[in-house]
Amino acid sequence: PTSSAKDAIKQLQRIKWSYLLSSLFYLICFTATAQLVHPVSIPFSKATDFNTEYTKDQQVKTIFLKYLSKKDGELIVEHSVEKKFYFNDNGEPFKELYIEQRGQTTDSLVSAFEFNSDFQVTKQIDRYRSQENRKHVFYNQSGRIIKEVTIEVKNNRADTSSIINYTEAYTDKNFAKRFMLNSENRPFIEQRYYYDDQGRLINKEEDLFITTKSRKESRVYQNDLLKEIRYSNQINNNSNGKYTFEYKAKQLEFIYQYEQEELIKKTAFVYSVSDPNLLEALVIRYPKKEVIEIITIKYTYL
């Protein structure tokens, strides 16, 4: 594939993650009545974030997200950024559609998924213009991921772009450790996961072998609710901060994000008047930038 095609799809994927796909983080509902996505990290598994028991029980057909933004005190400026999730009868998200319009140009990225009987993603296909990226995921008998193979297809010509192997050094109820291996079968990242007696992730650590860079995350719970996430990331950037969570009657109401103890983002959850458990919108404020983002969420049902 040409470098321009690669750059284009990477740019779309970056935008996709920063605006809408990352919004799934905010969709997490830590209540017993409405769990749209899984609240607990699964060690060494690539199961989708969506809780299929919930989407199947509620007979969800599609979830549609639309992004808007404005400056404080100004009218809403509509950004043509949309994302749609499609679910089958089993509650599995078999397709995602991402659309962005810039001026007269419209770009779209379509992702399709295949699952095994344990609802683990075995194949993901991303299609952007004439390019297609295929990721194949392989698991061992314990359901742990052991290999990811990514293949780029351009003009019907396939090229294996990356192979990542995984090996588990140790795992038990409260601790798990594995290595990510490159195409030469050499470790380049060590990952360590720590869990409490309820199986909830409390600490995650990652170290790069080729440098001294690392990434860490710790979680604090109050009873059955997540109250705080602290993070330190020297791998992708140089950031240190935390998320704090505020609830009302066990319903997630606000998330605050701090960088170096300074508030940089506040996310408010807006629920349906007719169904208090149904999330309808996210209102995200950036105090330093004086910008407000709004993500509206609509559902259709089978």
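## Where E132 sits

Strands here are DSSP runs of type E with at least two residues, numbered from the N terminus. This is a predicted model, in which local features need pLDDT of at least 70 and side-chain atom pairs count only at pLDDT 80 or more, while totals for chains, interfaces and linings use all residues. Residues are numbered from 1 along each chain as its sequence is written, and side-chain values use heavy atoms, with hydrogens and water left out.

Is E132 buried or exposed? E132 counts as buried because its relative accessibility is 14%; buried means under 20% relative accessible area, exposed means over 50%, and partly exposed lies in between (1.4 Å probe, protein chains only).

## The surroundings of E132

The side chain of E132 has a polar contact of 3.0 Å with that of R127 and another of 2.5 Å with that of R134. A polar contact is a pair of N or O atoms within 3.5 Å; within protein, one must be able to donate a hydrogen and the other to accept it, and residues adjacent in sequence count only if both atoms are side-chain atoms.

Beyond its neighbours within four places in sequence, E132 is in contact (heavy atoms within 4.5 Å) with I125, D126, R127, I151, E152 and V153.

## Salt bridges

Side chains of opposite charge can pair when their charged atoms come close. A salt bridge is a side-chain nitrogen of Lys or Arg within 4 Å of a carboxyl oxygen of Asp or Glu. How many salt bridges does the whole structure hold? A search finds 18.

One of these joins E190 and R192, at 2.8 Å from N to O, and both residues are buried. Another links E206 with R215, where the closest N and O atoms are 2.9 Å apart. E206 counts as buried, with 6% relative accessibility, whereas R215 is partly exposed, with a relative accessible area of 22%.

## A link across the chain, and a network

E262 and K288 also meet through their side chains in a salt bridge, at 3.8 Å from N to O. This pair connects distant parts of the chain, 26 residues apart: E262 is in strand β16 (residues 262–271), and K288 is in the loop between β17 (279–286) and β18 (291–301). E262 is partly exposed at 38% relative accessible area, and K288 is exposed at 58%.

Finally, salt bridges that share partners tie K177, E190, R192, E205 and D207 into one network.

How values were computed. Helix = DSSP H or I, 4+ residues; strand = E, 2+ residues; numbered from the N terminus.
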